[in-house]
Amino acid sequence: MAENKIGPLLQGYSFGENSSVLVTAADKKALYAWQADNPLMPASTLKLLTAHLAVKKWGTHYRFKTDFYWMNGWL
């Protein structure tokens, strides 16, 4: 299995006290956990469904492209 790079990326990041994080690998091994037992309502269950369908259709290596434009001092 690939080296766990999630933990070091999130280490020291300041999550709110009403937050929890649990990142798992495909084998369900926890890669990073912070207040993972803290039960919370998801911000949007639709986002989870959308992410699942995107991964199912395009795979985990697909990256969405976002274009940015600068016009009259506005990004």
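This is a predicted model: local features need pLDDT of at least 70, side-chain atom pairs count only at pLDDT 80 or more; totals for chains, interfaces and linings use all residues.
User: Which pair does Trp58 form with Phe64, then?
Analyst: An edge-to-face one. Centre to centre is 5.5 Å, and the planes make 85°. Edge-to-face applies because the angle is over 60.

User: What do Trp58, Tyr62 and Phe64 form together?
Analyst: One aromatic cluster.

User: Is Phe64 buried or exposed?
Analyst: Exposed, with a relative accessible area of 55%. The cut-off for that class is over 50%.

User: And Trp58, how accessible?
Analyst: Trp58 has 44% relative accessibility, so it counts as partly exposed. Tyr62 is partly exposed too, at 38%.

User: Switching topic. Which residues make the nonpolar surface patch?
Analyst: Leu46, Leu49 and Leu53. The patch covers about 300 Å².

User: Where is Leu46 found?
Analyst: In helix α2, which spans residues 45–58. Leu46 is exposed, with 57% relative accessible area.

User: Where is confidence highest and where is it lowest?
Analyst: Highest in α2, at a mean of 87. Lowest in helix α1, residues 6–10, at a mean of 74.

User: What about the mean pLDDT of the protein?
Analyst: It is 82. Residues reaching 70 or more make up 95%.

User: Charges next. How many salt bridges does the structure hold?
Analyst: The structure holds 1. Asp67 forms it with Lys65.

User: How far apart are the closest N and O atoms there?
Analyst: They are 3.8 Å apart. The cut-off is within 4 Å, so the pair qualifies.

User: Are those two buried or exposed?
Analyst: Lys65 counts as exposed, at 71% relative accessibility. Asp67 is partly exposed, with a relative accessible area of 45%.

User: Backbone now. What is phi of Gln35?
Analyst: Near 50°. That is a positive value in a residue other than glycine.

User: Where does Gln35 lie?
Analyst: In the loop between β2 (30–34) and α2. At 35% relative accessibility, Gln35 counts as partly exposed.

User: What does Gln35 touch, leaving out residues up to four places away in sequence?
Analyst: Glu17, Ser19 and Ser20.

User: Glu17, okay. What separates its C-alpha from that of Gln35?
Analyst: The C-alpha atoms are separated by 8.9 Å. Along the chain, Gln35 and Glu17 are 18 residues apart.

User: What about phi of Asn72?
Analyst: Phi of Asn72 is near 50°. Again the value is positive and the residue is not glycine.

User: Where is the place of Asn72?
Analyst: In the segment after α2. Asn72 counts as exposed, at 73% relative accessibility.

User: Quick recap on the rings and the patch?
Analyst: Trp58, Tyr62 and Phe64 form one aromatic cluster. The nonpolar patch is made by Leu46, Leu49 and Leu53, with Leu46 in helix α2.

Conventions:
Residues are numbered from 1 along each chain as its sequence is written. Side-chain values use heavy atoms; hydrogens and water are left out. Patches are made of residues with over 30% relative accessible area and no salt bridge: like charges are joined within 9 Å, nonpolar side chains (Val, Leu, Ile, Met, Phe, Trp, Tyr) within 5 Å. Accessible areas come from the Shrake-Rupley method with a 1.4 Å probe; for residues, only the protein chains shown count as cover. A salt bridge is a side-chain nitrogen of Lys or Arg within 4 Å of a carboxyl oxygen of Asp or Glu. Helices (H or I, at least four residues) and strands (E, at least two) are DSSP runs, numbered from the N terminus. Buried means under 20% relative accessible area, exposed over 50%, partly exposed in between (1.4 Å probe, protein chains only). Rings of Phe, Tyr and Trp (its six-membered ring) pair if their centres lie within 6.5 Å; planes under 30 degrees apart count as stacked, over 60 as edge-to-face and the rest as tilted. Contact means heavy atoms within 4.5 Å. pLDDT is the predictor's confidence in each residue, from 0 to 100.
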